[in-house]
Amino acid sequence: VTMIGKTTAILLLVALAATACTDDAAPAPPPENRRLQTASQGLCDAQILVTEGRIRDAASVFEADTHDYLHQLADRLQEVDPETAAQLLEAKQRVERALAEGRDPPGTQDLLVRLQRALGDAAAAVDLPAPLCREGAS
């Protein structure tokens, strides 16, 4: 192999390695992580809506994006940490009740924050990544 051949081979390997390290080549997160993030973002969006006084919209977002996943996660969690599962479900029920009543936005906001915290604790208990709110949530 000539010196030009070695140099070309090295450059090709460097180019392949750089391509493999780009965001485009990054694997998609596992479905469980995507469902967790969607549920968490639903809570984030509901918090924003509540602060705007849009309780019905917040309830719709919570129902569409978060509610079912919280039950699924609690079921999964029941096997490994029943206490954390119970805390998650209790926090969910408080939020549901507050959204159904449609009053006291500051109190409802506080309950959503507590549920977000309970969701993070539940995720950690089953070795899922900590859910975060995206910037610019709508």
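H67 touches F62, K92 and E96, leaving aside residues up to four places away in sequence, where a contact means heavy atoms within 4.5 Å. H67 has its place in helix α3; helices here are DSSP runs of H or I with at least four residues, numbered from the N terminus. At 13% relative accessibility, H67 counts as buried. Buried means under 20% relative accessible area, exposed means over 50%, and partly exposed lies in between, with a 1.4 Å probe and protein chains only.

The model is predicted, so local features need pLDDT of at least 70 and side-chain atom pairs count only at pLDDT 80 or more, while totals for chains, interfaces and linings use all residues. Residues are numbered from 1 along each chain as its sequence is written, and side-chain values use heavy atoms, with hydrogens and water left out.

Helix α5 covers residues 105-125. It has 21 residues and reaches 30 Å from its first C-alpha to its last, close to the 30 Å expected at 1.5 Å a residue; the expected span is 1.5 Å times one less than the number of residues. The buried residues of α5 are T108, Q109, L111, L112, L115, Q116, A118, L119, A122 and A123. An α-helix has 3.6 residues a turn, so residues three or four places apart point the same way. What covers the buried residues of α5 includes α2, α3 (55-80) and α4 (82-101). After α5 comes D127, whose phi is positive, near 60 degrees.

A123 is buried, with a relative accessible area of 0%. Its contacts, not counting residues up to four places away in sequence, are L36, L73, L128, P129 and P131. A123 and N33 are 90 residues apart in sequence, yet 9.4 Å apart in space, C-alpha to C-alpha.

The largest nonpolar core has 30 residues. Such a core is a set of buried Ala, Val, Leu, Ile, Met, Phe, Trp, Tyr and Cys residues joined through side-chain atoms within 4.5 Å. The residues with the most contacts inside this core are L73, L88, L115 and L119. Two or more residues each come from α2, α3, α4 and α5, and the largest share, 9 residues, comes from α3. L73 touches E32, L88, L119, A122, A123, V126 and L128, again not counting residues up to four places away in sequence. In soluble globular proteins, nonpolar side chains tend to be buried together.

C44 is buried, with a relative accessible area of 4%, whereas C133 counts as partly exposed at 45%.

Q41 is also found in helix α2, which spans residues 31-51. Q41 is buried, with a relative accessible area of 3%. Its side chain reaches the backbone nitrogen of R134 at 2.8 Å.

How values were computed. A polar contact is a pair of N or O atoms within 3.5 Å; within protein, one must be able to donate a hydrogen and the other to accept it, and residues adjacent in sequence count only if both atoms are side-chain atoms.
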